[in-house]
Amino acid sequence: MSESEASSPTIWEELMSPLNLVLIAIIVYLVYKIIKSNFESDVTVAPSPPRLPKLRKDMTVAEIKNYDGTQPDGRVLLAVNGIIFDVTPGKRFYGPGGPYSAFAGKDATRGLATGQVAGSETEYDDCSDLGPDEVESAKEWEEQFRAKYDIVGRLLKPGEQPNTYSDDESEEKKEEKPEEKKSQ
């Protein structure tokens, strides 16, 4: 044996050095945690809150203000183009503390059409001064809300009378009735 071979440590001696033992222990621990996390879930999913009963009614601007998510039931409504939507399922966006909470309990047409996160503070905003592009943007938002959220009713203009809805009546059926009467 040469002198250089006798002084070089073996693989076993290398593994048993204190530094390498600590590194091996860390690696084994990390592999264990990775494997354990693949087989068990430490996250407990909170049960979803009970679904609120469907609300069907026309409201004034003053009435819709009560549905900003701060009431005990937490319901959040907003209006777009005169149609009131129940956006409670999107409460994390439209409810208190959400990025679009300024729309909660208000007519959001102007804010959505202009890209400003602010609901209308006026008694009734007819949005007649919006430009063609803004009107088109508001219509696109309305379609998105129609696809995602339940329609509650109409936002009433001052002096306008509310409709009465039956439990099984949809907004589309309500809109068809006047046309049926005209054709008869």
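## R56: a buried arginine position

At 16% relative accessibility, R56 counts as buried (buried means under 20% relative accessible area, exposed over 50%, partly exposed in between, using a 1.4 Å probe and protein chains only). R56 sits in the loop between α3 and α4. Helices are DSSP runs of H or I with at least four residues, strands are runs of E with at least two, and both are numbered from the N terminus.

This is a predicted model: local features need pLDDT of at least 70, side-chain atom pairs count only at pLDDT 80 or more, and totals for chains, interfaces and linings use all residues. Residues are numbered from 1 along each chain as its sequence is written, and side-chain values use heavy atoms, leaving out hydrogens and water.

The side chain of R56 has a polar atom 3.0 Å from the backbone oxygen of I151. The R56 side chain also reaches the backbone oxygen of V152, at 3.0 Å.

## D58: buried in the loop

D58 lies in the loop between α3 (18-39) and α4 (61-64). D58 is buried, with a relative accessible area of 4%.

Which backbone nitrogen does the side chain of D58 reach at 2.8 Å? That of N163. A polar atom of the D58 side chain also lies 2.8 Å from the backbone nitrogen of R154. Leaving out residues up to four places away in sequence, D58 touches (heavy atoms within 4.5 Å) several residues, including E63, G153, L156, P162 and Y165.

## Residues 15-32

An unreviewed UniProt entry annotates residues 15-32 as "transmembrane region". Such annotations may be inferred rather than shown by experiment. In the model, residues 15-32 are 89% helix and 0% strand. Their end C-alpha atoms are 20 Å apart.

Terms used. Polar contact = N/O pair within 3.5 Å; in protein donor to acceptor, adjacent residues only side chain to side chain.
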